[in-house]
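Biologist: I would like to go through some of the labels used for this model. Please give the cut-off behind each one.

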Amino acid sequence: FLQFKANPPAVNFKLTGETDGILQIQQDGLLYHNKALDRETRAVHKLQVSALDASGAIVEGPVPITIEVKDINDNRPTFLQLKYEGSVRQNSRPGKPFMYVNATDLDDPTTPNGQLFYEIIIQLPKINNVMYFQINNKTGAISLTQQGSQELDPVKNALYSLVVSVKDMGGQSDHSFSDSTSVNIVVKENIWKAPEPVEIVENSTDPHPIKITQVVQWNEPGAHYLLVEKEKMPSFPFSIDQEGNIYVTRPLDREEKDSYVFHALAKDETGTPLARSLQIRVKVKDINDNPPTCPSAVTVFEVQENENMGSNIGTFIAHDMDEENTPNSVLRYRIADQIPKISMGELFLMDSYLGVVQLAGQSLKKQDTPQYNLTIEVSDKDFKTLCHVEINVIDINDQIPIFEKSDYGNLTLAEDTAVGSTILTIQATDADEPFTGSSKILYHITQGDNEGQLGIDTDPQTNVGYVIIKKPLDFETVAIYNIVFQAENPEPLVPGVNYNTSSSATFKLIVKDVNEAPQFSQRVYQAIVVEDVAIGTRVGNVTAKDPENLDISYSLRGNRRGWLKIDPVTGEIFTAALLDREAESLYRVQVVATEVGGFSQSSTASFHLTLWDINDNPPRLAKEYTGLFLCHPLQQEGTLIFEVTDDDRQSLLHQHVSFSIGSESFQHDWNVLRINDTHGKLSTKGTNFEERVYNVPIRVRDGGRPPLEGLVYLPVTFCRCVEGRCFRPAGHQSGMPTVGMAVGILLTTCLVIGVILAVVFIRIKKNEGKDNVQSAQASEAQPLRN
């Protein structure tokens with residue numbers, strides 16, 4: 001594989017160094033190996049070649065030679081153990097390794113030949129086809145899956161058997177070697193369990209903090225414990241130590257908060273939770289530390305003057321902040337005092353536990369005493385409180401409301417009169433005591449408004465009724481309303497008194513027709529189509545109705561891409577051009593419904609067309625790669641990472657995207673591998689490359705249906721490198737002179753400047769001679785003066 005030559009008097013060659021009896025050299029300088037090289041025995045052979053004369057003396061050399069043996073995948077991976085044993089606690093954190101399997105491969109670990117890929121191929125038992133265990137395919141770390149963490153139960157299955165395989169070539173080649181081993185895993189009971197609910201007596205006077213419970217410690221030593229509040233509080237009254245003991249740090253008040261729910265958490269040294277948190281429940285036990293409280297400063301009851309003996313006047317209910325349905329909150333009532341008192345015994349009775357106040361004496365007369373004041377004593381087993389009740393004697397309802405007039409005439413309104421408008425004022429009067437339930441008037445519409453278009457609001461001070469529009473009027477539905485009003489009191493009338501025609505009045509409402517715009521059946525219409533649908537395909541239909549039953553014409557507004565058209569009569573919408581999801585995935589237009597005839601009023605609705613994607617864009621480079629380089633000469637195989645994308649939905653690209661060299665002429669020197677669905681790795685085969693730019697063609701195939709291919713080019717520059725950067729010496733630029741030309745230009749410039757200076761100097765000399773002659777002539781013509 002190498003040929004050496006030497007000049008006379010050399011006639012022979014000698015090979016020394018790490019030949020291992022494999023590498024030899026012939027007399028004519030041909031270096032060869034007599035059997036296969038083995039990288040695992042020796043990866044580098046360091047040799048020396050010398051040229052010898054006829055007497056065997058060295059006349060040239062020795063010349064050093066380094067031969068690197070390139071690895072091939074000739075060794076299978078092997079596990080370090082035939083069988084592995086391990087254990088895991090139920091409910092352990094998913095993804096946290098609890099054991100490892102290890103394999104070795106004698107091939108070069110820096111190449112795919114020595115890159116190992118672990119995989120669980122069998123799990124026994126396998127319940128409902130769910131994997132409870134997972135393995136890190138690079139490290140061999142075995143951990144629980146999410147389902148395994150939740151479902152493993154030593155009572156149901158305490159032992160699981162796994163078969164784990166390991167492959168070289170990163171598990172990516174059909175020609176990779178493999179090995180397998182068995183793993184037995186014992187499932188142990190989870191000792192990380194929540195304690196029973198805790199009960200604490202409120203307002204304890206014992207020194208704090210007080211231990212209230214303890215969580216069973218984590219399955220393994222070294223865990224760090226902390227408490228997490230379920231709800232944020234100004235001051236969290238609990239703490240935990242690193243033995244799992246939980247303390248209450250201050251006295252608790254049940255009336256402030258009667259129970260607490262929080263969580264205990266175990267974390268490892270990195271702060272990562274080891275398992276799900278445990279819920280801690282604390283109930284605050286009540287003591288009788290709150291007196292009864294009155295519902296208000298004064299409780300007011302009303303009683304009609306003709307009430308019979310034994311009638312209920314009202315129910316007085318006090319409050320106690322202690323726990324309900326316990327002896328601490330059971331209240332007793334009694335009447336402690338009455339003002340004014342009467343001489344005929346007790347006038348009012350009160351139920352000791354229910355608080356019901358009843359009339360115990362004769363019927364009351366308002367003109368005799370319009371008001372009574374009671375003092376109520378409320379007590380629990382330890383406390384007493386006095387409360388005040390005011391009982392007002394009110395007039396009986398023996399007068400009916402009477403309308404000021406029985407007919408309020410006719411009123412014409414347009415059907416588009418605004419909802420909430422007051423259209424009529426009505427008035428009735430009542431002779432009972434003012435501002436009582438007997439004189440208060442409520443108005444009702446008893447006839448003529450079945451759909452509830454109208455309503456009546458009553459002024460509580462004046463009993464004036466205001467008739468308003470509650471729902472929109474519609475001439476096409478009801479054109480005339482014949483209304484009957486009824487006036488009543490909230491208090492019942494006394495026996496023998498009844499409402500009559502004086503408490504009712506009539507009114508006629510005439511609705512005037514108004515031309516209204518068409519009304520769509522819905523505000524937004526939606527449709528979904530595939531983007532390659534044929535032109536003229538029906539994609540939707542809109543409907544509108546005119547209240548006056550006029551014909552309607554449909555049109556589109558905002559159809560800026562011209563993708564749609566609409567049938568003006570039926571409202572059917574069709575495609576009018578080819579659609580393109582990459583240009584616009586949700587196409588929005590407005591549909592206009594216009595009356596044909598009348599005032600040509602119109603209304604609008606929205607039509608949203610969602611375009612489903614098809615695979616109509618081939619993959620391309622995600623960006624422009626202009627700075628890719630490898631240092632020349634290559635010392636080892638070079639690799640470059642690149643990214644691809646396409647304009648379709650990414651789910652179409654992210655389905656088994658594949659890469660290949662796009663030209664046979666490049667396949668000898670280049671290789672491309674898939675990293676994931678968006679990235680590929682371009683690498684050289686060998687190191688024999690020239691110092692220039694290689695535009696490497698790469699064919700990228702996406703996972704769409706049907707799949708599309710794109711041919712992309714990666715420009716890779718092989719260049720000398722300085723400090724890890726590509727060094728490119730500046731070349732000669734067009735238009736710039738060479739060194740010889742620059743020297744010639746410089747000499748010519750100096751010569752021209754010299755000639756110009758000489759001419760200027762000669763002219764100056766001539767001018768000076770003329771000036772001297774003229775000066776002499778002037779001196780001879782002028783006489784001398786003193």
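Biologist: Where is the place of S329?

Modeller: S329 sits in the loop between β24 (312–315) and β25 (332–339); strands are DSSP runs of E, at least two residues, numbered from the N terminus. This is a predicted model, in which local features need pLDDT of at least 70, side-chain atom pairs count only at pLDDT 80 or more, and totals for chains, interfaces and linings use all residues. Residues are numbered from 1 along each chain as its sequence is written, and side-chain values use heavy atoms, with hydrogens and water left out.

Biologist: Why is S329 called buried?

Modeller: Its relative accessible area is 17%. Buried means under 20%, exposed over 50%, and partly exposed in between, with a 1.4 Å probe and protein chains only; therefore S329 is buried. S329 and S379, 50 residues apart in sequence, are 9.4 Å apart in space, C-alpha to C-alpha.

Biologist: What makes I122 partly exposed?

Modeller: I122, in strand β11 (residues 117–124), has a relative accessible area of 38%, so the label is partly exposed.

Biologist: Which residues make the nonpolar surface patch of about 270 Å²?

Modeller: The patch is made by I121, I122 and L124. Accessible areas come from the Shrake-Rupley method with a 1.4 Å probe.

Notes: Patch = residues over 30% accessible without salt bridge, like charges linked within 9 Å, V, L, I, M, F, W, Y side chains within 5 Å. Salt bridge = Lys/Arg side-chain N within 4 Å of Asp/Glu carboxyl O. Helix = DSSP H or I, 4+ residues; strand = E, 2+ residues; numbered from the N terminus.
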